[in-house]
Amino acid sequence: MSNNELTRRGLLRTGAVAGAGVALPTIFTASSAAAYTNEPTGATVTLGFNVPQTGPYADEGNDELLAQQLAVEHLNGMGDGGCLNTFTSKALKGNGILGKKVTFVTGDTQTKSDAARASAKSMIEKDGAIMINGGSSSGVAVAVQGLCQDAGVIFMAGLTHSNDTTGKDRKKNGFRHFFNAYMSAAALAPVLSKEMGADRRAYHLTADYTWGWTQQESIAAATEAMGWETVNNVLTPLASTDFSSYIAPVLNSGADVLVLNHYGGNMVNSLTNAIQFGLLDKVANGKDFKIVVPLYSELMAAGAGENIKGVLGSMNYNWQLDNEGSKAFVKSFGEKYGKPPSNSAQTCYAQVLLYADACERAGTFNPCGVAEALEGFEFDGLGNGKTLYRADDHQCFKDVLVVRGAQNPSNAYDTLEIVEVTPVEQVMYAPDHPMFGGAEASLGECNSGA
Amino acid sequence: MDAIILQILNGLDKGSAYALIALGLTLIFGTLGVVNFAHGALFMIGAFCAVTVQRLLNLSFQTVDETQKDFLGNPLKVDTPYVEAWFGPEVGATIIDWSVPLAVVFAIPIMLAVGYAMERGLIKHFYKRPHADQILVTFGLAIVLQEIIKYFFGANPIQTPEPSALKGSLDIGLMLGFDPNAIIYPIWRLVYFAFSVVIIGGVFAFLQFTTFGMVVRAGMADRETVGLLGINIDKRFTIMFGIAAGVAGLAGVMYGPLNPPNYHMGMDFLVLSFVVVVVGGMGSLPGAVAAGFLLGILESFASTTWATTTIPGINQIIIYLVAIIILLTRPRGLLGRKGVMED
Amino acid sequence: MLGLDKKDTSLLIIVAILTLLAPFILNPFPAGSAMAQFNAGYPDLMQRFVIFGIFAIGFNILFGLTGYLSFGHAAFLGVGSYSAVWMFKLLSYNVIPAIALSVVVAALFSLLIGYVSLRRSGIYFSILTLAFAQMSFALAYSVLSNPKFNLTNGETGLQVYADDPQIFHRDSLPDMPHLFGLSMRSTYKLDIGAWSFDFNAGYYLCAVIMMVMFYLAIRIFRSPFGMMLRAVKSNQQRMNYTGLNPRPYTLAAFVISGMYAGLAGGLMAAMDPLAGAERMQWTASGEVVLMTILGGAGTLIGPVLGAGFIKYFENIFSKINDTILHQWFSFLPDGLEDFMVFIVHPFIGKGWHLTLGILFMLVVIFLPGGLVEGGQRLGKWIRNRGKGAAEAKTKHEPAE
């Protein structure tokens, strides 16, 4: 037992009660206040991977976990190095982070805010994790981000698509690589107008919770700006498993496009139901009926099977992207796990590398230093092309993909085809955009836990 | 008018699933007096019978096709299902296409066996224990069953499509003289409704017109007397448990094409189906069926734009609201017998 | 002592010692060792142990004494959390008003639901409470978080924002829940040799409250009121015939247990100022039922044990991953190591639900009295073995 190992665990806050001096014999050594939460003092540094391992998003969480393990391997100089070879920043040497070997602990978010905070806390308080990475829902991301801000560690969000994560709930210690509802809408709208015409009438089905609302608001605003009309917006309970009673009235409503602001199981079922009702074979207002799913993921596409054929949506990343970073990542992920990575896997992988790189460049694990190194950081070579981590709201800005369900997929992995890579300029917005908390939204102060 | 017909159709269709699950629950409660929280899991297992049959039919051997590349740039391995190799591509493809109806045939013996094993292995030991214990042990069983399924099939939903001949929808409105596209309804949903009517009718006929059914009904009314007459009622009740499991399983198999099965679909239905049973009247078979369809229709109407704009959120709570009102005003449920669990 | 008989006093003292020394007891393994994985003595989990202990003790007052199985108790916990966070938002981060309000609101809410639900008994009562709780959850998750009237903040959970009024907040006070300036997060860390122990202010606040609540529960169990509740369980009809109306008694028990749940919810918010709707879901209600039964319904200490058991599982077993497994079995030859990992793999990490389900079934089947019964049987077996077989034969336990 080396002495270093012990003090690896930092303390959250040494408060007043700590001072209530219990007279201690000299063999009791109360550890002194560290410079910041969980300052790594040994030969290793611990990262915390918080992903859903039980519940409906367990498969997505598993994919994220695989990607994070791969990132740790690459950081420690094992495997083929993956994106370390293509990353534009050359601070990482494949010898861990700042010379310390990278280890990790895992936790189960259960896709519930409470459980996610509990497992994040246990990784911070018990295992001495210096950062938390991952997650598969916006509710969880916002909840864990707040926790990491209070605890004084860095939070790298996984799959979270709500505007709020880097909008009204943005935090100085929190960073998001994934895109958001506004960007989806901004990227989709021109393609929709090009493919379907500028005089469409849209019917929205929206999951009745925060993400659904922001998604609907964004896409309605973007499509109305090009001349579309929103016929109706119907809120569906999150717990719904069957959407037939919501789909049935669509055809008779005068709409000719159905927008499904659903995610996960909701989306799989509502799309399956819509295809069952034969909506895509119908003609309304003299035009072919169309369906749009603003946010796609590979697992949802797999769950919806053949039903996604021809349905448009947007993605943060797709393995078919043809750039150096993407190719390197797909190669090392594919060779290790025998399947191409999903877009949430890519985000989690990139976030680990970005965090490690920021530590190297800052020369410290101190969250405030790391945050500073990430703010305004411009990079390339992680798969998405040229990317900016904006300083004002800690949101990544990069090209957004518009994809469509492939008509004739040749295997289980190319069920989605890239229709257009929307350039980043088109999805840019001001940090004080009203959909992102307006002028009141602020990152607050950096907290290092000291 | 057309909107009303449409929502009634929808309700009947939703109600079919509720009615089938509630029917099985009531059979178990009425015969064995057991509150079975694992009934949703039986529904889920049924759906995964369809998935398994589909997987079995799709068992393939691999040949390497040098002309095509996979995502890593290696030569593509092409899968050819054995069924297609044995029966020729066309017949094989048709067999795979009809995997869900085929799964019905497979599911019947499997579900009967699962039900029988469950009753003999576990439930039997809980007859004398309080309802709370029965709820708890079956709840634990439900968790175990769904975790086992998740271990083998993953958490993501799996498509079990209907045969392509039954894909698409019918324009019922046109037949009834409405405008085109006024009332469109998917064929498989109509099949599901018809199927559930057949199953429900079958169970009732079995209980009403066979000697076996008569004994079971007698046992439900007065178990002790039937036992005193020298009839081995326990054995018959075990078989009824198997039948109840079969009904839930078949409901699950046929449900697959409507919404792709996932490991937690049983839990999603569990609470609802208990509400249905209670609303219909604990232990009343016609009550369970009637309440199933009734709640399905109510749920459909509550999800119309008209209802949700009048009372926001009504679609979230309608089922529970109905349950509360019924329980407070007519505790024995819609068709429950007077005195059965009525206090 | 304190109006308790000797047996209860010693039970209370044991509980007090266990909770106060929990930071030592729960951290038996040196930090950094392979077994440290099983240490549970970090602030967050210790807080959860006692908070869910309170929740389960309260639930047991209803279920253990009257036999009424409520599947909706999580709603009261959720309501308590929401009220506490609202106090943080409106007044200040001081936990006293927050906890007080959460108990009051939970009492009112449980009075309302209890008054309606208790008109029925048995499974009907269970379904009624379930229906109410599911309605509360659905409303809290979506409808009550709409921008016009945002009471719960929906999916994200209710939390304190910088622009909230917080009228009594001063700059000298910590910017997180505190007790008159003492932050709930403040932790004193003690290193003894290779061991490391955390003493957390929030935990000790919860622990003290739990001991008070445990004492109250003992008093209720031993009071004439508790006797009445037992009478409801054993034979309600007979009670009716003797001219007693059981309703007021059961309603009182329902409200008391609702207040316990509200208190637990308030404490949860006080330890971590965020309230999410999932706390009200029926599975959360199911969890407290599991805790109570697992520990031993109707016993005093059982529910606390059950709560600890389940929370330990959720937080410790879910974190064991394959890498850790390989470390454990690394002493074995390669083939055997992989085999062992393969065998254990389905039951840990993402499989912790499966293990919990199996254990739960085993307890219900073989130990209807829960862990407490298991302990008693074990104790009896050890005693009997000491006394010798011959003596054991003639021994008759007096009925309690």
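Author: In α11(C), the residues C:Glu287, C:Leu290, C:Met291, C:Thr292, C:Leu294 and C:Gly295 meet C:Gly302, C:Pro303, C:Val304, C:Leu305, C:Gly306, C:Ala307, C:Phe309 and C:Ile310 of α12(C). Two residues count as being in contact if their C-beta atoms, placed from the backbone, lie within 7 Å.

The model is predicted: local features require pLDDT of at least 70 and side-chain atom pairs pLDDT 80 or more, while totals for chains, interfaces and linings use all residues. Residues are numbered from 1 along each chain as its sequence is written, and chains are lettered from A and ligands numbered from 1 in the order in which they are written.

Two packed helices are described by the angle between their axes and the distance between the axes. The axes of α11(C) and α12(C), the latter spanning residues 302–316, are 7 Å apart and form an angle of about 120°. Each axis is a line fitted to C-alpha atoms over the stretch in contact, and the angle, from 0 to 180 degrees, is taken between N-to-C directions. The two helices, α11(C) and α12(C), are therefore oblique to each other; angles under 35 degrees count as roughly parallel, over 145 as roughly antiparallel, 65 to 115 as roughly perpendicular, and the rest as oblique. The crossing of α11(C) and α12(C) is right-handed, a term used if the near helix is turned clockwise from the far one by less than a right angle.

The surroundings extend to another chain. Chain C places 32 residues in contact with 29 residues of chain B. On the side of chain C that touches chain B, at least two residues each come from α6 (122–141), α11 (282–295) and α15 (352–366) of chain C. Helices are DSSP runs of H or I with at least four residues, numbered from the N terminus. With 11 residues, α6(C) gives the largest share of that side of chain C. The side of chain C that touches chain B consists of 22 nonpolar, 8 polar and 2 charged residues.

Terms used. Ala, Val, Leu, Ile, Met, Phe, Trp, Tyr, Cys and Pro count as nonpolar, Asp, Glu, Lys and Arg as charged, and the others, Gly among them, as polar.
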